[in-house]
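Please consult the sequence and the structure shown below while reading.

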Amino acid sequence: MTEQPDAVAGPIAGALSLAGLLALLVTGIDWVSAIWPFNPGEMTWRYGAIGITAGFTVTAVIGIVLLAMGQLAAGRPGTVRVLGYAAMLIAVILGLGLATFILDGVQISGSTAPERRFATGVGVVIAALKLAGATLVFGGVGRGLIGTARPSQPSMKRPGPIVGAATPDR
């Protein structure tokens with residue numbers, strides 16, 4: 001005996017949405033507590049905060065994807081579209097953070113003791129690669145969610161060689 005898709009969609013939608021919200025909430029709380037107190041005017045704080053952010057991006061993108069899957073299962077394309085735009089905004093912010101991180105990392109590396117410069121440079125490269133990857137992933141997820149939430153247009157079949165004799169698929 002198989003269940004009807006509608007009978008399954010409700011519980012799965014709720015479970016996925018709750019899991020996504022939990023992942024986003026816990027990640028947000030952990031991120032804020034890791035970079036508190038805020039002091040973006042200080043270069044070393046900015047460097048550390050953006051570097052720490054690189055480690056939180058994986059859980060955040062998983063949370064957005066889970067939440068979007070739950071909203072898709074619940075039949076809420078508007079919410080999925082909003083999540084897509086939020087992911088795109090996060091990608092832009094991460095891209096700007098990446099540029100800032102690289103500039104701050106170069107300055108910090110230059111002022112580091114000569115025996116520690118190589119290790120600092122490697123740390124900058126690793127965190128920059130994480131941020132670059134996260135920027136691409138958030139951008140891709142955002143684009144995918146926006147595209148998924150768009151209403152689909154029926155494709156047109158051309159039954160014969162007569163131009164304009166198309167009928168929509170049903």
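In which sense, left-handed or right-handed, does α2 cross α3? The crossing of α3 by α2 is left-handed. The model under discussion is a predicted one.

**Helix packing.** Two packed helices are described by the angle between their axes and the distance between the axes. The values for this pair are given in the table.

| Item | Value |
|---|---|
| Helix α2 | residues 43-73 |
| Helix α3 | residues 77-110 |
| Angle between α2 and α3 | about 160° |
| Distance between the axes of α2 and α3 | 9 Å |

Because angles over 145 degrees count as roughly antiparallel, α2 is roughly antiparallel to α3. The contact of α2 with α3 is formed by 13 nonpolar, ten polar and two charged residues.

Proline 37 lies in the loop that joins α1 (5-35) to α2. The peptide bond leading from tryptophan 36 into proline 37 is cis, and its omega is near -5°.

**Overall architecture.** The protein contains four helices and two strands. Read from the N terminus, the order of these elements is α-α-α-α-β-β. Of the 170 residues in the protein, 29% are buried. The accessible surface amounts to about 10700 Å², and carbon and sulfur atoms account for 70% of this area. Where contacts link residues at least 6 apart in sequence, 70% of them join residues at least 24 apart.

Definitions and conventions
Residues numbered from 1 in each chain as written. Predicted model: local features only at pLDDT ≥ 70, side-chain atom pairs only at ≥ 80, totals over all residues. Heavy atoms only, no water. Buried < 20%, exposed > 50% of the residue type's maximum accessible area, 1.4 Å probe, protein only. Contact = heavy atoms within 4.5 Å. Areas by Shrake-Rupley, 256 points an atom, 1.4 Å probe, with all protein chains shown as cover. Axes fitted to C-alpha atoms, helices over the stretch in contact; angles between N-to-C directions. Parallel < 35°, antiparallel > 145°, perpendicular 65-115°, else oblique. Left-handed = near helix turned anticlockwise from the far one by under 90°. Nonpolar A, V, L, I, M, F, W, Y, C, P; charged D, E, K, R; others polar.
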